[in-house]
Each structure stands twice: as structure tokens, then as C-alpha cells.
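Subject: Structure handover

Hello,

Please find the structure below. My notes on it follow.

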Amino acid sequence: MKIALFSACQYDQDYFNEFNTGHQLTYFVDALNEQTAILAKGYDVICLFVNDVVNKTVLETLKANGVKLIVLRCAGFNNVDIKAADALDIPVLRVPAYSPEAVAEHAMALILTLNRKTHKAYNRVREGNFSLEKLMGFNLHNRKVAVIGTGNIGKALCNILKGFGCQISAYDIYPDEQLKALGVVYGTLEETLAGADIVSLHCPLMDSTKHMINKETLKLFKHGAMLINTSRGGLINTKDVVEALKNCQLGYLGLDVYEQEGGLFFKDNSEGIIQDDLITRLISFPNVLITSHQGFFTKEAMEQIATTTYNNIEAFINK
Ligand code: NAD
């Protein structure tokens, strides 16, 4: 098969070359969008990531140029108009669970770093400042943690939190029986948010979950609580979250994802000025930690992403 990978970084090339099962691969650094869709001309399969925009217009261009299959090298598919793909008869396959532990462990890393202020301590010590001033954290043992969405990643996080001795409450439209047996208490979204010291988001971005964290739901948070989002940026209304940080309703914020990642995340802009006002505002708060959608980014996950993507292509060929 002739496969074009969009939004392809060096690490994509390394892993997709290593596990290649005999396909002809072309890598485009550009994200797929209405302007770049024409690059797909002549390819059987296009392989995409979270920042590629796959709307109806893009899909029509892909179809007109002979694309037979879309393989997503990620779990979320909120960036694809699935109905339009169905109507055009372009199958869309994804990697549903490559390494839930990778993302859950990153969520835990954000929780621990924000709580114990390790990022501040690191910078301080490099400047020769060994004081503990303003570095006090809190014990996680017995703290109340709300996990919103207990699928693969949320469940992996619950298991990690259990080891820390946290009290876990959860909200999911399909509660998990194993987690219930572990002592996780399910409730409504409102019940689950109320009283939690830490809230971590792990449900997919859909119409029903868009901006689930907003001005109104933020009022339910315990004053000074921590919010962690490693799922999709659109789950939170970022402007409302900035307000909640300003009035200290939120005490800590850890984001691995952002509403407007396109053109910003996954890029080296170390020489430049950040053009995004909201990100600039967010990183000006000392109690905010932002990473560039790196939750998935472990060796094990990259291996699994490449092999599952090739398996998806083989399954399509052999169907
Ligand atoms: P999953 O499908 O296994 O779990 C999602 C859970 O959300 C399910 O249990 C589902 O019942 C629940 N859910 C669906 N709609 C809901 C709603 N309206 N309210 C409450 N719960 C709802 O998915 P997963 O593998 O655990 O991944 C979760 C999300 O994490 C993905 O959708 C993706 O956006 C994100 N993700 C991020 C990274 C990263 O690098 N940061 C990597 C992989 C996945």
C-alpha cells in the first residue's frame, strides 16, 4: 500500500519505519487540512494524528484523489467527521487502547509535580536557591480524587491512585464493576466534582462532553482544588478556567491538552513568541503546568501505535 503520514515528526518516522510490514511510506510534516488535502493524491491510505482536521471538505478531496482508508495513530477521533466518512465510504480505523498506562502515569506526574511543586524546586536549585519557601504540598493519602471517565485511561489512573491511598469518586455513563469492587464510588457529574481535592478528566470529546468544565461546573469545585486534563482540550472552557484561576476557585491546573492545539502543540517554537493569548495567560500563573500533548509519548505506546496501525491496514486489505 502507498501510505501518506501527515503531521509526521521524526519519532513517527523512526517507529513506522522500524515496524513497517512492506508498505511504501511518505511522511508529510504538515497537518492534514483543506489546504494540504491535495497532497494525499495517489495514496491508498492516509495515516493521521490528533491535530489533523478531517472535515467533510477534506474527506471529499481525499475521496476524489483515490484514498481508500484512513488510519488514525491515536485513540480519540473527535477531529474526524465520521458521518461524512461513512457517507463517502472511507473506513476510519484507530488505535483504541495502545497504552492507557502511559496517559494515566502522565496525569499522575502532573498531579505530583503540581502538588509538590517539583518544577519550581528544579528551577530554584539551578539558580542556587535551596529554600523551601512556598513549596509546601499536601499528602495524597486520604485525599478525594474525582475521575471523570473511567474507560481504559481513567481506570488505569484509579488503580494508581488506589496505591496512593486516595478516596476515589467517579463519573461515567457506564460505571465499571471492577472499580466499584475496588471502592470507587460512582455518582452524577455534579456529585463527583463536589468536594474533590483533585479532578482528572478522561472521557472523550463529543457534543455531550464539550465544555463540561465551565463557569457553572467550576462553582461546584472545592475552593482551591486541582484540575487535570490529559484527555481533550475541548472538555474545558479555557476562558472560564482562567477566571477560576484568577479568583483562586482553582488552586492548581495541569493540562496536557488544549482547545486550540493546532499550529502550537508538537512544534519547536523555542526561538519565537507564543501567539496564543490564552496559553500566554495560563502559563503566567505559577500554579499552572502545561505539557504539549505528551501523555501518550512513551516507547511502549509508540511501538503499540505503529504495530496496531499496520494491523489495521492488514485487516482492511484482507477483509
Ligand atoms: P475509553 O473509550 O476507554 O474511555 C472513555 C470513557 O469515557 C468510557 O468509559 C465512556 O463510557 C466514558 N464516557 C463517554 N461519554 C461520557 C460522558 N458523556 N460522560 C462521562 N463519561 C463518558 O477511552 P480512553 O482510552 O480511556 O481515552 C480517553 C480519552 O483520552 C480519549 O478520548 C482521548 O481523547 C484521550 N487521550 C489522550 C492522550 C494524550 O496523549 N494526552 C492519549 C490517548 C487518549
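In β8, which residue is the bridge partner of A170? The partner of A170 is Y186. Before the rest, two remarks on conventions. Residue numbers start from 1 along each chain, following the sequence as written. The model is predicted, and local features need pLDDT of at least 70, side-chain atom pairs count only at pLDDT 80 or more, while totals for chains, interfaces and linings use all residues.

Sheets

Helices (H or I, at least four residues) and strands (E, at least two) are DSSP runs, numbered from the N terminus. Two strands pair if DSSP finds at least two bridges between them.

Strand β7 (residues 167-171) and β8 run parallel and are joined by two bridges. Both belong to an open sheet of seven strands, ordered β8-β7-β6-β9-β10-β11-β12, with parallel pairing. β8 (185-186) and β12 (288-290) each have a single partner strand and stand at the edges, so one side of each has no neighbour in the sheet.

Another open sheet has five strands in the order β2-β1-β3-β4-β5, and its pairing is parallel. Its edges are β2 (24-27) and β5 (92-93), each with a single partner strand, so one side of each is left without a neighbour there. Strand β3 (residues 45-48) is joined to strand β4 (residues 69-72) by four bridges. I46 stands opposite I70 in β4.

Helices

Helix α4 (residues 100-116) packs against helix α6 (residues 152-163) at an angle of about 55°, their axes being 8 Å apart. Axes are lines fitted to C-alpha atoms, for helices over the stretch in contact, and angles run from 0 to 180 degrees between N-to-C directions. Residues are in contact if their C-beta atoms, placed from the backbone, lie within 7 Å. On the α4 side, the contact is made by P100, E101, V103, A104, A107 and M108, and on the α6 side by N152, I153, A156, L157 and I160.

α6 also lies across β6 (144-148), β7 and β9 (198-201), and runs at about 165° to β6. Helix α10 (residues 238-246) lies across β11 (250-255) and β12, at about 140° to β11.

Ligand

The ligand is surrounded by 29 residues, and the closest are G76, G151, I153, P204 and G295. A residue counts here if its C-beta atom, placed from the backbone, lies within 6 Å of the molecule. α4 and α6 are the elements that give two or more residues to this shell. The largest share, three residues, comes from α6.

Regards

Notes: Contact = placed C-beta atoms within 7 Å.
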